[in-house]
Amino acid sequence: MAVRNVKPLGKFRGTLVLVGSGKMGGAMLEGWLERGLKPKQISVIEPQPGKTLKALARRGLKLNPKGKPLAASAVVIAVKPQSAPEALPSVATYVGRSTLVLSIMAGRTIGFLEKSLPSGTAIVRAMPNTPAAIGRGISVAVANANISAQHRKQSSNLLAAIGKVEWVTDEALMDAVTALSGSGPAYVFLLAETMASAGIAAGLPPALATRLARETVAGSGELLHRSDVDAATLRQNVTSPGGTTAAALEVLLGPGGFDRLLTQAIDAAARRSRQLAG
Ligand SMILES: NC(=O)c1ccc[n+]([C@@H]2O[C@H](COP(=O)([O-])OP(=O)(O)OC[C@H]3O[C@@H](n4cnc5c(N)ncnc54)[C@H](OP(=O)(O)O)[C@@H]3O)[C@@H](O)[C@H]2O)c1
């Protein structure tokens with residue numbers, strides 16, 4: 001299923017520790033290997049390793065290593081936010097003076113991570129999204145004050161394995177980021193579901209309506225991805241004055257319409273993100 005634009009991982013020296021190799025951690029691991037990281041450079045801590053991890057262990061990857069941990073070049077934390085208190089003590093054992101800690105846990109702030117890790121640790125908090133599974137995610141990253149230019153580059157390279165990377169300097173923006181791009185794939189999937197239901201209501205057989213909605217959302221996303229023009233222009237390109245699309249857009253952009261609803265939805269998600277972060 002790969003649609004990856006494979007770039008080498010840059011010069012990654014030393015070892016990388018991945019804590020939690022589920023959906024997101026597994027996608028990152030796959031991306032790093034594709035970009036030339038050697039299995040023997042990687043340690044993975046994962047309570048229930050699947051077939052892929054076991055096969056990688058036969059190629060030199062260290063799976064749930066025992067013994068005294070050595071300081072890693074980078075530790076990536078990809079466990080669920082609720083598993084953080086349990087996972088962080090083992091993360092701390094891999095942290096040396098120049099180790100980068102990159103966390104993708106939703107809602108776990110830099111302040112929270114700093115409390116659980118040795119003082120002076122270089123920390124990057126990032127929010128990816130699920131198209132990461134095909135290397136087409138987008139992550140937004142924010143760093144603490146201990147980060148060097150080298151750490152920043154290393155973080156960008158590690159995150160580029162699952163898609164594009166943006167940086168912000170104000171951590172407070174991460175709630176809006178979570179609401180827009182973190183949760184955003186769900187809004188797009190809902191669009192496909194709702195278009196299918198509306199097509200059925202308009203008289204189409206269910207299977208055909210589902211296929212039409214799915215391909216329309218996927219194809220339009222791909223067109224937007226490949227196109228040099230912005231979304232508004234692509235929308236105008238399918239809208240002739242007085243035509244069918246114009247009739248639909250009049251409803252969607254009317255009072256209480258799509259733009260209003262989506263603004264409210266993203267606001268609700270950002271508020272929830274702030275509540276969860278405490
Ligand atoms: N999925 C998304 O859309 C998305 C988007 C943005 C950010 N994120 C963030 O990415 C992180 C991972 O999400 P995910 O969807 O990949 O979750 P996931 O599939 O549940 O992966 C988490 C993995 O960590 C393992 N784990 C649990 N406790 C651990 C411990 N103490 N030490 C090491 N590994 C441990 C879990 O194993 P068990 O299954 O055995 O517990 C599981 O394999 C979350 O913090 C989430 O907030 C996810």
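Mentor: A polar contact is a pair of N or O atoms within 3.5 Å; within protein, one atom must be able to donate a hydrogen and the other to accept it, and residues adjacent in sequence count only if both atoms are side-chain atoms. The model is predicted, with local features requiring pLDDT of at least 70 and side-chain atom pairs pLDDT 80 or more, while totals for chains, interfaces and linings use all residues. Residues are numbered from 1 along each chain as its sequence is written, and side-chain values use heavy atoms, without hydrogens and water.

Trainee: How far is an oxygen atom of the ligand from a polar backbone atom of Met24?

Mentor: Met24 is among the closest of the 22 residues that surround the ligand, where a residue is near if one of its heavy atoms lies within 4 Å. From a polar backbone atom of Met24 to an oxygen atom of the ligand, the distance is 2.7 Å.

Trainee: Which residue has a side-chain N or O atom 3.4 Å from a nitrogen atom of the ligand?

Mentor: Helix H1 (23-34) and helix H3 (84-92) each supply at least two residues of the shell around the ligand; helices are DSSP runs of H or I, at least four residues, numbered from the N terminus. The side chain with the N or O atom at 3.4 Å from the ligand nitrogen belongs to Glu86.

Trainee: Is Asp259 buried, exposed or partly exposed?

Mentor: Asp259 lies in helix H11 (residues 258-277). Buried means under 20% relative accessible area and exposed over 50%, with partly exposed in between (1.4 Å probe, protein chains only). Because its relative accessibility is 41%, Asp259 counts as partly exposed.
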